[in-house]
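Here is a short briefing to read alongside the structure. Take a look at the picture first, and then we can walk through it topic by topic.

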Amino acid sequence: MNGNPTNVFEKVVDFVDERVGLKTIQAKMLNEPVPGGSRWAYAFGSCLLFIFIMQVVTGILLMFYYVPSTDHAYASTQYIIHEVDYGWFLLSYHFWGSSAMVVMVFAHMSQVFLWGAYKKPRELIWLVGLALFGLVMAFGFTGYLLPWDQRAYWATVVGVEIMDKTPVVGDFLSRFLKGGPTPGQMTLSRFFVIHVMILPAALMGLAGLHLFLFRKAGPAGPFRGTPEQIKAKTDYFFPRQVWKDIVAMATVFLIICTLTFIEPVTLLEEATPDPGDYHPEPEWYFLFLFQMLRLKIFAGEFGQFLGAVAIPGAFLGFLAALPFLDRSPERNIFKRPIALIGWIAIMAVILIFTVSAILNREFLD
Amino acid sequence: MQPKIKAKARCADGEVGSISKVIVDPLSLEISHVVVREGGGRGVDRQVPIGQVQEIPNEEEIILRGSLEEFRTFPVLDREAYVTHHDVEIAHLEDRLHVEPGEILVPSPRLEQGVPRRSFFMNMTHAIGTLITLPLVFPVLKYIMKPMYKPFDNSWFSVGNVRKIRKENIGYQFKFTRGFKEAFMPEQQIEKNIWVVKATPEVQKAVYGGKDKKFYDHKGELVWVNKAKAPYIGYSGKCPHLGCGYKWRRTKNFPDGVFLCPCHLSIYDEAGKVLDGPAPRPLDVLPMQVNAAGEVQIIDVEYKAGVKGQIRLL
């Protein structure tokens, strides 16, 4: 406590501070030296936190009207879109927010990879980050079914069939998710509880761990510059980095709102095992995988296992092993040619397959 | 050895004061300066670079380079330019510094003194926790698994009349609605579809290989036999690749028409044979009967997609 509090507000603040230690917590939160100074490139993590909080808020609001049963899910979602005041906005914001989450996870992981920030002593931050990436994908997959329209139904049918190809546990896993041999009420109930209870709890826990480990190890800082140069540019997290973060968050918010206004969510026909004229397709961030599975090399039972399970699994396994395989302390991306070429190659593959999936649509119509 | 707070600071020609603070570089986590308070504790704080420390013979004193005269040229500490380590978050700072003036002690409770077998209590705590958890595993697993494995439904469904089929070796879609009862839910009507081909003898041969096709239930008992020479063949509407719904299409490469799945572009001929694309097996033939009036009835069988063999799910 400093001096004599003069007004009621200060008295209340001092009362709480004495019991909680708020000022120390605030100082610890804000006064973290950022080696080499604040950067726009460091804003991705904060943006993810912001997007997640907005998903929680909009998600909770959607649950005021949504009913997770096969005979009401579609109607209640339509009710949110067409009848409830601003329902279309909240639902569309939640929809575009999920896309923004995936984009931002990509940006965040790329930044950490290119900056070499996964290296010792930050291996565990990277591993927890990968788990968080998995959770974000699981959020996208489970949330997609909830409106119970044709798009939702068929993405789930194919997605669960893919999981079924996992060795040993695949059949159990797909039955566990479907709650039976085919998708129905049990599937919807299970996806709902996973989407609104299990994944948020897991994400909050792991994101907390991610931040704790990050604070424990400290920020990595830029990958070039002498210690003197880095020291000369060092500042605290507050105010410069916090300012960049809040500007980035506001930009993300505006982009999501813009998409929400330009392209609000509309539903297709209610889900049924007869696809009619609908050509099933996953959400855009899974399109590259979808297109890959069309390739001849992934034909047949083994090819399919390769394309749907083995290669994505091996890639994630490789990412998890990365900080332990790549032990060189060199962080400058321009002195890590394999890492740079690898990153460009993977981005190119994803881009090419996504674009060709989009081009294929016309061929089908 | 690191300089200690309260240690006396000496120059070549005499004592100058005592260390009142140390300054740490937040990036290297090394001590960069010592702050020496002149005289007996009332003088000014001077900031001395660590390089000016010649020697630290013991915890009580440090020896600075140069004379008293030179010591007075060091700048006075600008306290406003610094914060204490309690006000910032610098990872591992405390681990690297040993500048506390001494240990801070608190007495341990009397009951804790000389308690034997602390590890025994620790292990017992874990053991009891495990004993609480273990009996829950099986009930929870059974609870979750309740709807996962269902007996097959071998009842017949009417799907339409073959009189609408005019041409041979062409896929005709038959839509049908069937009741679907799940757990506590009221029975729901769901729409499904199958494909029927009026097959020429060559196509019949391609599908059945001249042999009757037998269908069994989960106990291995015979449910139905499709005759090898039956002219109408029904295919499950589920693509054997990954379970999408396929369609009959005429394309540039296949002007007579093929079954094409829009998901992953598997292509099958009228006998269900894979012509192109990633599918691991031909289309699934359904148990089907056609009565004298042309009414088609099927058993709504579904197999697991994505595998070579047929593993029945439904």
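A word on confidence before we start: pLDDT is the predictor's confidence in each residue, on a scale from 0 to 100. This is a predicted model, and chain B averages a pLDDT of 88, with 98% of the residues scoring at least 70. For the model, ipTM is 0.83 and pTM is 0.89.

**Overall build of chain B**

- Chain B contains four helices and 18 strands.
- The radius of gyration of chain B is 43 Å, while the globule rule gives 20 Å for 314 residues; the value is well over the rule, so chain B is more spread out than a compact globule.
- If you follow the C-alpha trace of chain B along its principal axes, it spans about 125 × 60 × 35 Å.

**An open sheet in chain B**

- Three strands of chain B make up an open sheet, in the order 7-18-17, and their pairing is antiparallel.
- Which strands stand at the edges? They are strand 7 (156-161) and strand 17 (288-290) of chain B; each has a single partner strand, so one side of each is left without a neighbour in the sheet.
- With direction ignored, neighbouring strands of this sheet are turned by 25 degrees against each other on average.
- Strand 7 and strand 18 (residues 295-299) of chain B run antiparallel and are joined by five bridges.
- To find this pairing in the viewer, look for Phe157(B), which stands opposite Ile298(B) in strand 18 of chain B.

**Where chain B meets chain A**

- On the chain B side, 43 residues are in contact with 48 residues of chain A.
- Strand 8 (171-180) and strand 9 (188-198) of chain B each supply at least two residues of the side that touches chain A.
- Which strand of chain B gives the most to this side? Strand 9 of chain B does, with five residues.
- Sorted by class, the side of chain B that touches chain A has 24 nonpolar, nine polar and ten charged residues.

Note on methods
Residues numbered from 1 in each chain as written. Chains lettered and ligands numbered in written order. Predicted model: local features only at pLDDT ≥ 70, side-chain atom pairs only at ≥ 80, totals over all residues. Contact = placed C-beta atoms within 7 Å. Nonpolar A, V, L, I, M, F, W, Y, C, P; charged D, E, K, R; others polar. Pairing = 2+ DSSP bridges. Axes fitted to C-alpha atoms, helices over the stretch in contact; angles between N-to-C directions. Rg over C-alpha atoms; globule rule 2.2 N^0.38 Å.
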